[in-house]
Amino acid sequence: MRSRGQDAESTQRLQDMSVDQANENRTIGWLLALVLALAFGLRLWMILVVPVYFDDRYIFNNIATFLSGSLRPRHAYYGSLSYLPQALALAVSDLLHRLTGSGAFAVHGGPIEGFTLGAFRLMRLFIVGYALASIWAVYLVGRRLFSPAVGLVAAAVLAAYPQHL
């Protein structure tokens, strides 16, 4: 039979383990937030500094067909509706430009395949959102399959992977 002292000691060990686990989860949460913040900062910097990539013209050509009223992309390398969120954002921006006359909302008439730099950056913000969502998803999968630490390392590797930038 166990004595009261052994029960109290066992209960104390369980409480200490749960506190340690909570501290570890909190640390991993902060580190994941740091990875996501750094990934966001790096990708935002790339939007502001890095010139247009070679394949951006295909994206703009497809978005231009959406903005002209067609749901059929000009270049069908990706799924036909994968450009729809960006096209909707640019359509709203164009509508705001027509309503307000503000050049900040202008979409057409710029140096990048006929689009403005603001339209280009707005389009790229969606890519940043998709990238951050995929980093988060990799963390969740790694956490589920292995451990939170493995998920964090996998998310950090993906965040730093050059092709993912």
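Of the contacts in this chain between residues at least 6 apart in sequence, 57% join residues at least 24 apart. Keep in mind that this is a predicted model.

**Whole chain**
- You're looking at 5 helices and 2 strands, and along the sequence they run α-α-α-β-β-α-α.
- Buried residues account for 28% of the 165 residues in the chain.

**Helix α4**
- Helix α4 covers residues 117-145, which is 29 residues; at 1.5 Å a residue it should span 42 Å, and the 42 Å between its end C-alpha atoms agrees with that.
- The buried residues of α4 are A119, F120, M123, R124, V128, A131, I135, Y139 and G142.
- As a reminder when reading that list, an α-helix has 3.6 residues a turn, so residues three or four places apart point the same way.

**Where α3 meets α4**
- Helix α3 takes in residues 84-100, and its axis comes within 10 Å of the α4 axis, crossing at roughly 145°.
- That crossing of α3 and α4 is right-handed.
- On the α3 side, the contact uses P85, Q86, A89, L90 and S93; on the α4 side, it uses A119, L122, M123, F126, I127 and Y130.
- By type, the residues of this α3 and α4 contact split into 9 nonpolar and 2 polar, with no charged ones.

Notes
Residues are numbered from 1 along each chain as its sequence is written. This is a predicted model: local features need pLDDT of at least 70, side-chain atom pairs count only at pLDDT 80 or more; totals for chains, interfaces and linings use all residues. Side-chain values use heavy atoms; hydrogens and water are left out. Helices (H or I, at least four residues) and strands (E, at least two) are DSSP runs, numbered from the N terminus. Buried means under 20% relative accessible area, exposed over 50%, partly exposed in between (1.4 Å probe, protein chains only). Contact means heavy atoms within 4.5 Å. The expected span of a helix is 1.5 Å times one less than its number of residues. Axes are lines fitted to C-alpha atoms, for helices over the stretch in contact, and angles run from 0 to 180 degrees between N-to-C directions. A crossing is left-handed if the near helix is turned anticlockwise from the far one by less than a right angle, and right-handed if clockwise. Ala, Val, Leu, Ile, Met, Phe, Trp, Tyr, Cys and Pro count as nonpolar, Asp, Glu, Lys and Arg as charged, and the others, Gly among them, as polar.
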